[in-house]
Amino acid sequence: MTYAHRLEFGTFLAPDSRTPEDPVELARLSEQLGYDLVTFPDRPHLPEHLDTWTLLSWVAGVTDRIRLAANVHSVPLRSPSVLARSAASLDLLSGGRVEHADGAGAHREAVEAMGGDGLPPAQAVDALSEAVDVVRALNGVAGAVTYSGEHHRLSAAQPTVPTPHEIPIWIGAAGPRMLRLIGEKADGWSATLAAVGVDGLAAGNRTIDAAARAAGRDPREIRRLLNVSGRFAAQRAGFLDGPAADWVSDLLPLAVDHGVGTFVLMSDDPATLTRFAHEVIPALRAAVDRAVPHGAAGLRVRPAAVLARRRDGIDYDAAPASLAEVVEPGDRAYHRLRSGYLRGGSPGIVLRASDAAQVADALAFARAHPDLDLSIRSAGHGVSGRSTNDGGIVVDVSLMNTVKVLDEETRRIRVGPGARWMEVAAALHPHGWALSSGDYGGVGVGGLATAGGIGYLAREHGLTIDHLRAVDMVLADGRIVRASDTENPDLFWAVRGAGANFGIVTSFEFEVDEVGDVGFAQLALDASDTAGFLLDWGQVMESAPRDLTSFIILGPPRRGRPAVAQVMAVVDSDDPDTVLARLTPIAGIAPLLQQQVRITPYAVVMANADDGVHRGRGEPVTRSGLLRRITPAFAEAAERFLATGAVHFFQIRSLGGAISDVDADATAYAHRDANFQVVAFGARRDLLDTLWEDLYPHFEGLYLSFESDPRPARLLDAFPPRTLARLRGLKDEYDPGNTFRDNFNITPALERSAP
């Protein structure tokens, strides 16, 4: 009987306090030898043993890959709530390498040895069952936890820190009641062969499987871990006592017939650990490959709790096995991937790809589900909110996040779509380079670099897309192509401004600029005369040298306080006099309330995001527009707009300069004559759209990255007629089935002709 688990191997090391360096060095050796797991017994009542959690933490700090676990925790000696927090913290610090193994241990004797009162065995099972409940609850993603049991109680306890992976809970036990508990609640059974024997292993499996089925679980959800020990010798003297080949023969039935998925070698002898790794592990894996269809690689088994949360209309079992990760609503990682920065989501499945071939496989899955929404996500920040959905498919390319220098002389770089702009800026800084890229470092490359890229260096260095020299992308039919001025030039033209309609870019090649330190200013000015402030700021920016780019932010009026305009400005110069000369006209527009000006690397300016999980809620409600001039009429309309109090964020970005140098027909981003870009955030779609009508006549285009109005008329605003006609022709060629439609959709001919 096999449970189709991936065959894994670990070590069981003594935490000897008399030679504390030994277990640490053996743990490092275990990693070097390729073991999957290193474990230590947890016997805090023994003075000759190091504290296991302290040892695990130390080992985590001196290793990089190997997973870590106790073998097993003596739960009666440790508070489960403290244990849960310890495990979660170490899992976070170690990058998701902690496994959680519990047991009653030498319960009564151990507790009494530490001055406590031991529980009878029957009550010990109940106490352990409650401890598992407590750990599960605290390691969940919900809010405060209240739990009332006979042995453990929580009152509005806060959950643990979010962990990189769902920490499995294994239980080490051999008694019938403990085995039934494992079947009902645990993720693994940890047993020692010398204690249970082969017959006991088989009987234990039967008990666990029956309890699992009775609880509505698949027995394959429970990994079987077996601690083994033996002696290598030239001649066979008994079970696990002889040549390595005999070890393989002895262990093979345990894996194939008794479902052991993890063998843990109990030894502190470096020679034994080394020989087992070199001679037994590869041979045993090969033997399992020959013995069972799924081989040593195993199969992924979804727990019943995950299966219960699947959405209708998705063939989950057909999700490509090639993908880096497939995340379903019941998976631990789902809470990190369900939402965007601003928009809440509940996708039916998230397909994470780490290369172009995986993206192609993910798109094949999407094509097999034509009725489902399809969202593409690089970092999930997009204001338009199209990187998640409800019940559909998300193709997530955030794992493709490398930044590589291709040619120092030409300043050519390759960037993955999942990289964030703060990471790009940090990678370019040592070379004295920079690439204009928005104003928030948490934005992903994929979305911004296919839409335009209005950033702090735009007036001096142009849009992000103006530095794009080539892309590799996956088309709707799964073809992987390259596009540049010489390869698929029409596609390359479309990608620069309307890329979301034509494919998924898997790498970008940019030619970046030499940029030293810059002047960065954050100013607050009195904007009581809002219309006057906007008019003056617009005139200053239109006449300013190109090395100055500035953005302004206004909010709703505040009772009893003057309106305040926040100004962020970058001067592409490290000369203090130049920086001061550029900023002085802005500072003179209105009374200056607050200022901070510094000369700093552009990478520091962009390092303004954290690595937190996106927890957006609701739907972004925004409107966007492009202006050639800030006229008195527009300034007055904007003042009326803000006075309604219905807008909580109103931003204007300065354009022009190098952006206008590019011919309007050179890219799908065609509004090159605009000098300003406007975006407004509101709470209600109907109200924002109604109020926007007063501003709308002043605009001559819009920037799609900041627009969330889904009406088809927005395409007419975003693209001039000639540009839109060309895009429609290319849509017919590259995506006639309209696979890429969950965006500002340029519909193919078949849909345009439908009644």
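**Charged pairs and cores**

Guide: Keep in mind that this is a predicted model. Let's begin with Arg414, which counts as partly exposed at 29% relative accessibility.

Visitor: Which residue does Arg414 meet in a salt bridge?
Guide: That's Glu509, with 3.2 Å from N to O.

Visitor: How many salt bridges turn up in the whole structure?
Guide: The search finds 58. One of them joins Arg285 and Asp36, whose closest N and O atoms are 3.4 Å apart.

Visitor: Where do Arg285 and Asp36 lie?
Guide: Arg285 is in helix α9 (residues 270-291), while Asp36 is in the loop between α1 (21-32) and β2 (37-40), so the pair connects parts 249 residues apart in sequence. Asp36 is buried at 9% relative accessible area, whereas Arg285 is partly exposed at 23%.

Visitor: Which residues are linked in a network of salt bridges?
Guide: Among them are Arg623, Arg685, Asp689 and Glu707.

Visitor: Switching topic: which members of the largest nonpolar core touch the most others?
Guide: Tyr35, Leu226, Leu251, Phe263 and Phe276, out of 78 residues. There's also a second, separate core of 56 residues, including Val443 and Leu702.

Visitor: What is Tyr35 in contact with, beyond its neighbours within four places in sequence?
Guide: Its contacts include Phe9, Arg65, Leu273, Phe276 and Ile281.

Key: Residues are numbered from 1 along each chain as its sequence is written. This is a predicted model: local features need pLDDT of at least 70, side-chain atom pairs count only at pLDDT 80 or more; totals for chains, interfaces and linings use all residues. Side-chain values use heavy atoms; hydrogens and water are left out. A nonpolar core is a set of buried Ala, Val, Leu, Ile, Met, Phe, Trp, Tyr and Cys residues joined through side-chain atoms within 4.5 Å. Buried means under 20% relative accessible area, exposed over 50%, partly exposed in between (1.4 Å probe, protein chains only). Contact means heavy atoms within 4.5 Å. A salt bridge is a side-chain nitrogen of Lys or Arg within 4 Å of a carboxyl oxygen of Asp or Glu. Helices (H or I, at least four residues) and strands (E, at least two) are DSSP runs, numbered from the N terminus.
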